[in-house]
Amino acid sequence: MYDTLILGAGMSGLAAGIRLAHYDQRVCILERHTTVGGLNSFYRRHGRNFDVGLHALTNYAPKGDRQGPLARLLRQLRLRYDDLELAPQTGSRIAFPEVTLRFGNGLDLLREEVRRQFPDQADRFERLVASLAGYEDLGRAGTERSAREIVGLLLTDPLLIEMLFCPVLFYGGSRERDMEFGQFSILFRSIYLEGLARPRPGVRQVLKLLVRRFKQLGGQLRLRAGVCRIVLRGGAAQGVVLDDGTEIAARCVLSSIGWRETMRLCGVPAGDLPPAGQISFVESISVLDVPPARLGMNETAVFYNDSPAFHYARPDEAIDPRSGVVCSPDNFDYPTPAEENILRVTCLANYDRWAADAMRS
Amino acid sequence: MTPDEIRETVLDILSDIAPDEDLSGLDPDRPFRDQLDMDSMDFLDIVMELRKRYRVQIPEEEYPALASMTSTVEYLTPRMKDIPKK
């Protein structure tokens with residue numbers, strides 16, 4: 001009998017496992033896949049390491065910061081800052097036709113760019129920054145309002161609005177076009193006010209640290225352990241049944257696999273659930289024979305869009321190349337050059353089309 | 001445990017919870033909150049570690065006693081005097 005079973009060995013499942021193990025709970029994390037990571041994972045092919053999902057870690061803070069989300073996470077998981085081997089970004093850019101906004105870690109560069117490119121919006125931009133919800137405000141009244149509605153009251157230039165939304169939506173928008181103002185605030189802070197960094201060895205470094213800590217604390221991690229049902233008694237989760245029929249009992253079940261999938265495992269018919277989200281991405285990873293900088297890609301990330309209007313929605317075609325994120329793991333401020341020669345391009349995609357193609361082949 | 005041993009125990013827990021902190025310059029009379037930017041979750045972690053390691057139960061209304069090193073040692077001395085140091 002476990003105190004808690006956790007579904008999914010992604011970062012959130014692993015972190016939850018560590019916190020519960022600190023509190024002396026018997027915890028088991030169940031993961032369907034052959035490896036940890038979930039949406040932010042990694043693989044190795046032909047002697048090269050590839051990351052899946054995250055381009056960078058947001059919420060960057062230099063060593064010694066004690067108050068930001070990164071410092072809090074490290075403390076709650078009892079990890080050392082240096083163990084992450086973080087390197088800050090070299091600089092990023094939002095590229096729309098004829099207008100570019102550069103940003104780095106901390107607000108200074110973006111603020112200067114807004115002042116230069118959108119002089120009549122500079123004061124309004126400051127008001128937007130001042131009105132962002134804080135990390136403690138999430139879930140309070142007002143944070144569930146439309147971000148576009150609130151930002152639209154503060155900024156009056158539609159182009160600047162679209163440009164600022166572009167990275168925020170790409171890095172944290174699970175729904176089409178808009179998001180809650182609370183979530184927008186968190187992402188705005190994490191990207192523009194704090195910033196981007198990358199562990200030198202990639203996302204595997206974060207996952208390795210989490211798994212090691214979890215196991216040190218006596219936590220159990222089971223890979224290739226897909227859950228086919230959550231056992232309910234009197235409306236409370238009492239355990240799970242694995243794909244192979246094994247039943248595991250627990251006082252509590254925590255799920256990190258999303259609302260819809262969790263409800264399905266609880267036996268709610270798919271027809272009774274709200275439809276799944278529309279947002280999917282396709283990423284291509286190119287291994288180049290030269291550093292990306294030699295091809296003119298000097299930035300950490302370029303968020304591009306080919307017209308003044310930004311369409312963050314599911315395309316009818318398999319992929320929407322009109323906007324996207326171009327990112328290179330080479331372009332972080334490492335102590336020694338990365339020499340990975342990797343370029344990643346992420347675009348919005350239509351999941352159903354890809355799934356149908358995969359079935360055909 | 002003597003007050004000195006209790007102090008060592010608390011330092012040990014603090015260094016586990018905040019591995020990046022240099023605790024050598026900790027002022028025993030100033031609140032941990034001010035010196036280490038600790039929040040309520042961190043205090044809960046200290047309470048939990050004391051319970052796990054030494055079976056010391058601290059009721060929630062007495063958490064304020066853990067504000068600084070001096071107040072913590074003072075508070076724990078009668079409660080841990082018969083517990084051997086690990």
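Biologist: Which polar atom lies 2.6 Å from the backbone oxygen of H22(A)?

Modeller: A polar atom of the side chain of K52(B) lies at that 2.6 Å distance from the H22(A) backbone oxygen. A polar contact is a pair of N or O atoms within 3.5 Å; within protein, one must be able to donate a hydrogen and the other to accept it, and residues adjacent in sequence count only if both atoms are side-chain atoms. Before we go on, this is a predicted model, where local features need pLDDT of at least 70 and side-chain atom pairs count only at pLDDT 80 or more, while totals for chains, interfaces and linings use all residues. Residues are numbered from 1 along each chain as its sequence is written, chains are lettered from A and ligands numbered from 1 in the order written, and side-chain values use heavy atoms, without hydrogens and water.

Biologist: Where is K52(B) found, and what is it in contact with?

Modeller: K52(B) sits in helix 3 (residues 40-54) of chain B. Helices (H or I, at least four residues) and strands (E, at least two) are DSSP runs numbered from the N terminus. Neighbours within four places in sequence aside, K52(B) contacts A21(A), H22(A) and D24(A), where contact means heavy atoms within 4.5 Å.

Biologist: How many helices and strands does chain B have?

Modeller: Chain B has four helices and zero strands, in the sequence pattern α-α-α-α. Its radius of gyration is 12 Å, close to the 12 Å that the globule rule gives for 86 residues, so chain B is as compact as a globular protein of that length. That radius is taken over C-alpha atoms, and the rule is 2.2 Å times the number of residues to the power 0.38. Buried residues (under 20% relative accessible area, 1.4 Å probe, protein chains only) make up 44% of the 86 in chain B.

Biologist: How should I read a sheet, and what is the strand order in chain A?

Modeller: Strands of a sheet pair through backbone hydrogen bonds, either parallel or antiparallel. In chain A, six strands form an open sheet in the order 7-6-14-15-16-13, with mixed pairing; two strands pair if DSSP finds at least two bridges between them. Strand 7 (99-103) and strand 13 (280-287) of chain A are at the edges with a single partner strand each, so one side of each has no neighbour in the sheet.

Biologist: How many bridges join strand 15 to strand 16 of chain A?

Modeller: Five bridges join strand 15 (residues 319-327) to strand 16 (residues 342-349) of chain A, and these strands run antiparallel. I319(A) stands opposite A349(A) in strand 16 of chain A.

Key:
Buried < 20%, exposed > 50% of the residue type's maximum accessible area, 1.4 Å probe, protein only.
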